[in-house]
Amino acid sequence: MTQSNPRISKAVIPAAGLGTRFLPATKATPKEMLPVVDKPAIQYVVEEAVAAGLHDVLMITGRNKRPLEDHFDRNYELEGALTRKGDADRLRKVRESSDLATMHYVRQGDPRGLGHAVLCAAPHVGDEPFAVLLGDDLIDPRDPLLSRMTEVQEREGGSVIALMEVPPSMIHQYGCAAVEPTAEADVVRVTGLVEKPETADAPSNLAVIGRYVLDPAVFGILRRTEPGRGNEIQLTDALQLLAEDEKTGGPVHGVVFKGRRYDTGDRSDYLRAIVRLACEREDLGPEFRSWLRRYVTEEM
C-alpha cells in the first residue's frame with residue numbers, strides 16, 4: 001500500500017577521512033578539496049544534494065578539515081578584489097559555493113568508521129529520514145540517482161541504498177546486497193548485506209555505492225553496533241539488522257543505478273573523472289578533446 005512519509009530535507013556528508021591514497025597531496029589539503037577540473041570534489045556532492053531538494057547539509061569533519069568550511073563560506077577579500085577588477089564571471093563562481101545550501105559542521109573526534117560518522121549526525125537530524133552522500137562518489141548530474149532514492153523512500157518508508165552492478169572479481173571492494181525483485185525494474189528489496197565479501201561468498205554482484213536514504217531508526221542500531229570489519233563501526237552492519245527486521249525501522253530497498261559514477265577516492269578513476277568531465281565541458285571540451293586525440297595517436 002502506498003504510504004505518505006515525511007519529506008526528506010537534510011543531507012549528511014561524512015568527510016573526516018585522511019585521504020591516505022592520495023598522499024602526499026593530502027598531507028595538508030583535505031582529499032575532498034582536490035579539484036575535479038576547476039571545482040573541488042566536495043562541491044559536486046553538495047550540488048547533488050541541493051539538486052535533489054536537500055538544502056540543509058551537515059558535514060562530518062575531522063582535524064585539518066577547516067578548508068572545507070572556508071570553501072562554503074564567504075571570502076569578502078577575494079570578492080572585493082574581483083569586484084574592483086570587474087571580473088563578474090569569477091565573482092559569480094566564488095559566490096556560488098557559499099550560496100548553495102545551509103551548511104552545518106560537526107567534528108568526528110575519533111574516526112571509528114562510516115557508521116560512527118553517521119551517528120555523529122543524530123543530534124542534527126533528529127527523528128526524520130535523511131540522506132547520506134559519501135564524498136568519494138561523484139554522480140553525474142544528468143543521472144539523478146538521489147532524487148530517485150528519495151522518491152522511493154517517501155513512498156515506501158524505511159531506508160533506501162544505492163546499488164550498482166560490478167564485475168564479480170571486484171565485489172570484495174564493496175558492501176554487497178542480497179536482493180529480491182520488485183515490480184519496478186530499478187528497485188529491489190534488500191534482504192541482507194555483507195561488507196566486502198570474498199567473491200565466492202558474495203550473494204550477488206550488486207555493490208553498495210555511496211548514497212543512502214536512511215530511517216532515523218538507524219541511530220539506535222548504530223549505538224548498539226560493535227566494531228566490525230577493520231575494527232570500525234560499519235553502517236552495513238546496521239543496515240543488515242534493519243533488513244532483517246522491518247519492525248525496527250521499515251524495509252530496506254535498493255535503487256539499482258546504471259548511470260555515470262566517478263570514484264574520486266581511487267587515483268585512476270579520479271584522473272578518468274577529470275578527463276571525462278573536461279571533455280564534456282563547452283568551454284574546455286573542444287580544445288581539450290583535440291589535444292587528447294593528438295596525444296593518444298602521436299605521442300603514445
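**T236**

I began with the contacts of T236: leaving aside neighbours within four places in sequence, T236 is in contact with L193, V194 and E195. Contact here means heavy atoms within 4.5 Å. T236 sits in helix 9. Is T236 buried or exposed? It is buried, with a relative accessible area of 9%. The cut-offs are under 20% relative accessible area for buried, over 50% for exposed and partly exposed in between, with a 1.4 Å probe and protein chains only.

**Ground rules**

I am working on a predicted model, where local features need pLDDT of at least 70, side-chain atom pairs count only at pLDDT 80 or more, and totals for chains, interfaces and linings use all residues. Residues are numbered from 1 along each chain as its sequence is written, and side-chain values use heavy atoms, with hydrogens and water left out. Helices (H or I, at least four residues) and strands (E, at least two) are DSSP runs, numbered from the N terminus.

**Helix 8 against helix 9**

I stayed with helix 9 (residues 235–244) and looked up its packing with helix 8 (residues 217–224). Their axes lie 9 Å apart, at an angle of about 120 degrees. That makes helix 8 oblique to helix 9. I noted the axis convention: lines fitted to C-alpha atoms, for helices over the stretch in contact, with angles from 0 to 180 degrees between N-to-C directions. The classes are roughly parallel under 35 degrees, roughly antiparallel over 145, roughly perpendicular from 65 to 115, and oblique for the rest. Helix 8 passes helix 9 in a right-handed crossing. Right-handed means that the near helix is turned clockwise from the far one by less than a right angle, left-handed anticlockwise. On the helix 8 side I listed A217, V218, I221 and L222; they meet L235, A238, L241 and L242 of helix 9.

**Helix 3 against helix 4**

Next I checked helix 3 (residues 76–85) and helix 4 (residues 88–98), whose axes come within 9 Å and cross at roughly 160 degrees. The two are therefore roughly antiparallel to each other. This crossing is left-handed. L78, E79, L82 and T83 of helix 3 meet R90, L91, V94 and R95 of helix 4.

**Strand 11**

How many residues of strand 11 are buried? I found 9 of 9, over residues 206–214. I then looked for its partners; strands pair if DSSP finds at least two bridges between them.

- Strand 6 (residues 130–133) pairs with strand 11 in the antiparallel sense over 4 bridges, and A131 has V213 as its bridge partner.
- Strand 8 (residues 159–165) is antiparallel to strand 11 over 5 bridges, with M164 opposite A207.
- Strand 9 (residues 175–181) is also antiparallel to strand 11, over 2 bridges, and G175 is bridged to V208.

**Cores**

I looked up nonpolar cores, meaning sets of buried Ala, Val, Leu, Ile, Met, Phe, Trp, Tyr and Cys residues joined through side-chain atoms within 4.5 Å. The largest has 44 residues, and I13, V46, L54, M59, L133 and L145 have the most contacts inside it. Helix 1 (residues 41–51) gives the largest share of this core, 7 residues. Another core of 33 residues lies apart from it, including V12, I161, L206 and L235. I13 touches I42, V45, V46, V57, L58, M59, I60 and L133, leaving aside neighbours within four places in sequence.

**D56**

My last stop was D56, in strand 4 (residues 56–61). D56 is buried, at 18% relative accessible area. Not counting residues up to four places away in sequence, D56 touches S9, K10, A11, T102, H104 and H124. D56 and I8 are 48 residues apart in sequence and 9.9 Å apart in space, C-alpha to C-alpha.
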